[in-house]
Amino acid sequence: MAKRIITGLDIGTSAIRAAVCVYEKNDPNCYLLAIAEEESRGMRHGYVINPEETVDSIKKVLRKAEKTAGVKLRNISLSIGGITLASQVADGSVAVSRADSEVTDLDLARASEAAHSNLKDAVNREIIHTIAQAYRLDSKKVLGRPLGLKGSVLEAKSLFITVLEQHASDLVTAVEEAGVSVCDVIAAPIAASFAVLSKREKTAGCVLINIGAETLSLAVFEEGIPISIAVFPIGSLDITNDIAIGMRVSLEEAELLKQGLHEPPSKKKLDEIMAARLSDIFDTIKGHLKKIGRLGLLPAGAIFTGGGAFLPILETLAREELALPVRVVRDFIVPVFSREDRQMSAKSISSLWSVAYGLTLAVQDEDIEQSTGAKIARSTKKNIIAWLRELLP
């Protein structure tokens, strides 16, 4: 019955989440079979600091997923996040190779390689995505791909998403030691975009903001593709720590106050503490948008996900601070397949699963119609796994 089973694994600092999905024959929909969550141990700011603890946590979440889905998991699609994930734009130009001056796929590849050679500060970093942003042919801007056009000099502007070699290698090693193979590696912000962003938002221009436990990740989209990726070492745990100090309560109590599960001694004081730290987060976001020339210039606005996005005061403050339309994604609808009655239905799941579920959407089969982003994400498979395996001990 199943065409393909796909498992997305999101290894965060506070939690590890797995989403198991199935693609049916002649059906482009991705049906959710199971989701599973386990406390993440051995991680700091998105990278491995204690391999044994991380492997143990991965094994636990995979066992939970297997039990619920009723299938044996052998291959997974893995997200890469953490503070070493970054992006850089570079330009390159080449002479068109054919005698009749027609641009071919080879010329596109050569132009991309030329842009790659112009990357700065690339020592100890590996490229996990290369995304063509724009082309010029004989100094004239090309709308879309220049394939088949005629000219002398092809210029390419590309976005390179990179990660520190060691952090990526440690993460892949931990997953392999948990007993499964890594078949795809995708940047976490790109994976999440498949689950929570619409094609219209990506085309008009937006920033996807994930406030995790210890990291803040930003992915800026325009014309349907990412134009910038950045991760910063600030997250919702910083808000918890501020509450613990400011309200003089335990970390456990501070977390409950942050989530609105306990009545605070002073709601005004609690809101002031959270607003102060959120202001730091908004300043970070504005700083990055200003750096790439998109501050106040994203029509589809800011879309928030992650545990920190659930704060009651976030939406109002974000509109004031960012001067953009704001949407907070707390949940989203997914197609579900029930093993018990073998029926298809729809289910709402928390946006905390956006990366894990998004991974399953980003690795669709070749014969399923793809968005530009999906093609970008899956093209990684031919490159990243090879070098990651070379890094494994």
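Axes are lines fitted to C-alpha atoms, for helices over the stretch in contact, and angles run from 0 to 180 degrees between N-to-C directions. Helices (H or I, at least four residues) and strands (E, at least two) are DSSP runs, numbered from the N terminus. The model described here is predicted, so local features need pLDDT of at least 70 and side-chain atom pairs count only at pLDDT 80 or more, while totals for chains, interfaces and linings use all residues. Residues are numbered from 1 along each chain as its sequence is written, and side-chain values use heavy atoms, with hydrogens and water left out.

Confidence comes first. The mean pLDDT (the predictor's confidence in each residue, from 0 to 100) of the protein is 89, and 91% of its residues reach 70 or more. Residues 365–383 have a pLDDT below 50. Beyond near neighbours in sequence, this stretch has 37 contacts in the model, where contact means heavy atoms within 4.5 Å.

Two helix pairs can be looked at in turn. Two packed helices are described by the angle between their axes and the distance between the axes. For helix α6 (residues 236–247) and helix α7 (residues 251–258), the axes come within 8 Å and cross at roughly 115 degrees. Helices α6 and α7 are therefore roughly perpendicular to each other; angles under 35 degrees count as roughly parallel, over 145 as roughly antiparallel, 65 to 115 as roughly perpendicular and the rest as oblique. The crossing of α6 and α7 is right-handed (a crossing is left-handed if the near helix is turned anticlockwise from the far one by less than a right angle, and right-handed if clockwise). On the α6 side, Ser236, Leu237, Ile239, Thr240, Asn241, Ile243 and Ala244 take part, and they meet Leu251, Ala254, Glu255, Leu257 and Lys258 in α7. Seven nonpolar, three polar and two charged residues make up this contact of α6 with α7, with Ala, Val, Leu, Ile, Met, Phe, Trp, Tyr, Cys and Pro counted as nonpolar, Asp, Glu, Lys and Arg as charged, and the others, Gly among them, as polar.

The axes of helix α1 (residues 51–69) and helix α3 (residues 165–177) also come within 8 Å, and they cross at roughly 50 degrees. Helices α1 and α3 are therefore oblique to each other, and their crossing is right-handed. In α1, Thr54, Val55, Ile58 and Lys59 meet Ala174, Val175 and Glu177 of α3. The contact of α1 with α3 has four nonpolar, one polar and two charged residues.

Eight of its eight residues are buried, so α10 is largely enclosed by the rest of the structure; buried means under 20% relative accessible area, exposed over 50% and partly exposed in between (1.4 Å probe, protein chains only). The buried residues of α10 are Ser354, Val355, Ala356, Tyr357, Gly358, Leu359, Thr360 and Leu361.

Alanine 191, which lies in α4, is buried, with a relative accessible area of 0%. Leaving aside neighbours within four places in sequence, alanine 191 is in contact with Ile186, Ser354, Val355, Gly358 and Leu359. The C-alpha atoms of alanine 191 and leucine 359 are separated by 5.1 Å, although these residues are 168 apart along the chain. With neighbours within four places in sequence left aside, the contacts of alanine 195 are Phe332, Ser354, Tyr357, Gly358 and Leu361.

Histidine 45 sits in the loop between β4 (43–44) and β5 (47–48), and its phi is near 50 degrees, a positive value in a residue other than glycine. Histidine 45 is buried, with a relative accessible area of 15%. Apart from neighbours within four places in sequence, histidine 45 is in contact with Thr13, Gly82, Ile83, Glu214, Thr215 and Pro233. Glutamate 223, in the loop between β13 (216–222) and β14 (225–232), has a positive phi of about 55 degrees although it is not a glycine. At 66% relative accessibility, glutamate 223 counts as exposed.

Leucine 297 is placed in the loop between α8 (267–291) and β15 (302–305), and it counts as exposed at 53% relative accessibility. Not counting residues up to four places away in sequence, leucine 297 touches Glu222 and Leu324.
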